[in-house]
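Good morning, and thank you for making time for this presentation. Please have the model open as I speak.

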Amino acid sequence: MQQSIIETRTGDAPAGEAVVELVDLRKSYGTGPSAVQILDGVNFEVRRGEFVCVVGPSGSGKTTLLKCIAGLLKPSGGRTDFEGQEVTEPPAKLAVVFQDYSRSLLPWMTVRANIALPLRNKFPKQERQARIDEALESVGLAGKGHLYPWQMSGGMQQRAAIARGLAYQPDVLLMDEPFAAVDAQTRIDLEDLVLEVRDRYDTTVLFVTHDIDEAVYLADRVIVLSGAPTTVSHNITVDLPHPRHQVDTKREPRFAELRAFVFEQIQAAKSNTVRNRADA
Ligand SMILES: Nc1ncnc2c1ncn2[C@@H]1O[C@H](COP(=O)(O)OP(=O)(O)OP(=O)(O)O)[C@@H](O)[C@H]1O
């Protein structure tokens, strides 16, 4: 029998402390009559320890949203809070992993030196070395720290980029389509790796993806964005058991139901975007 889809209303998120909170977040690019409104009052919270995926049509502003949360872009209105403080600069306890691993690692430095970079002047040498070793081990790169990024496969480089974020031991990891540029098998391995490290470090994860299967597989909640100008169209609880398993979880009827529901909402958001553009 089909179960109903559980939606979380804003302000009614699962119990626990809100680590990230978006309050009526607005962002437009450009000024005057040529300004284009991308985010048009986005509201949601991420609770400590949650894994939240954000999906939405292409161009709906997912990267823009993540950059506002990371303090890399100033909102045009509303605000984002990190651990109860309004974000006005990149928060110290937040790390970002971007899609383009080839640009996020410095090619003239070894992997160890890349991971050490954000730790410099923050921790004594011995602690830095211990953090680097632990982060490398947790992403399956123990003993590979002496390599340069260009000596590694795409999947290994993205593991190294994740290790750099983890070594900092952030409270929140923001990930912007981190596996979009790797092959399908590596992507599956990295999805499970991120679930493992989330459990190991108890990190809160906010993960942007185009891939609906990936979102439902990884998330505790999926936030679906409407087409631009963008708001939250759905906030869906993923009531699949943990630990997730690439075959068993995806075989569950509930997985198929949730996947179909998210897919339909994105299709609806896409057609609204086309209509909005035609009306403009
Ligand atoms: N710096 C900028 N200046 C002007 N427009 C921008 C800028 N950055 C993004 N945009 C526009 O804002 C809109 C949203 O972009 P954004 O990259 O946030 O969307 P997205 O949902 O992440 O897209 P995709 O799914 O294709 O990666 C797009 O139309 C994009 O062209």
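Let me begin with a convention: helices are DSSP runs of H or I with at least four residues, strands are DSSP runs of E with at least two, and both are numbered from the N terminus. This is a predicted model, in which local features need pLDDT of at least 70 and side-chain atom pairs count only at pLDDT 80 or more, while totals for chains, interfaces and linings use all residues. Residue numbers start from 1 along each chain as its sequence is written.

Which helix gives the largest share of the shell around the ligand? It is helix α1, residues 62-69, which contributes three residues. The residues around the ligand are Tyr29, Ile38, Gly56, Ser58, Gly59, Ser60, Gly61, Lys62, Thr63 and Thr64; a residue counts as near a molecule or strand if its C-beta atom, placed from the backbone, lies within 6 Å of it. Sorted by class, this shell holds seven polar residues, two nonpolar residues and one charged residue. In that scheme, Ala, Val, Leu, Ile, Met, Phe, Trp, Tyr, Cys and Pro are nonpolar, Asp, Glu, Lys and Arg are charged, and the others, Gly among them, are polar.

Let us stay with helix α1. For burial, a residue is buried if 20 or more other C-beta atoms lie within 10 Å of its own, exposed if 12 or fewer, and partly exposed in between, with C-beta atoms placed from the backbone. Because six of the eight residues of α1 are buried, the helix is largely enclosed by the rest of the structure. The buried residues in α1 are Lys62, Thr64, Leu65, Leu66, Cys68 and Ile69. After α1 comes glycine 71, with a positive phi near 75 degrees.

Next, the strands. Strands of a sheet pair through backbone hydrogen bonds, either parallel or antiparallel. Here, two strands pair if DSSP finds at least two bridges between them. An open sheet is formed by four strands in the order β2-β1-β4-β5, with antiparallel pairing. Its edge strands are β2 (36-47) and β5 (85-86), each of which pairs on one side only. Within this sheet, strand β1 (residues 18-29) runs antiparallel to strand β4 (residues 77-82), and five bridges join them. Glutamate 21 has aspartate 81 as its bridge partner in β4.

Strand β1 also holds aspartate 24. The phi of aspartate 24 is near 50 degrees, a positive value in a residue other than glycine. Is aspartate 24 buried or partly exposed? Aspartate 24 counts as partly exposed because it has 14 C-beta neighbours inside 10 Å.

β6 runs parallel to strand β7 (residues 172-176), and four bridges join the two. Across this pair, leucine 94 stands opposite valine 172, and alanine 95 stands opposite leucine 173.

Strand β7 itself is largely enclosed by the rest of the structure, because five of its five residues are buried. Val172, Leu174 and Asp176 point one way, while Leu173 and Met175 point the other way. β7 also pairs with strand β8 (residues 204-208) in the parallel sense, over five bridges. In this pair, leucine 174 stands opposite leucine 206.

I now come to the domains, whose bounds come from an automatic or database domain assignment. The protein chain is divided into domain 1 (17-93 + 170-279) and domain 2 (100-169). Their centres, taken over C-alpha atoms, are 25 Å apart. The contact takes 13 residues from domain 1 and 12 residues from domain 2; two residues are in contact if their C-beta atoms, placed from the backbone, lie within 7 Å. Helix α6 (residues 184-201) supplies seven residues, the largest share of the side of domain 1 that touches domain 2. That side of domain 1 divides into 10 nonpolar, one polar and two charged residues.

I close with a detail of the backbone. Histidine 242 and proline 243 are joined by a cis peptide bond, with omega about -5 degrees. Proline 243 lies in the loop between β10 (232-237) and α8 (248-251).
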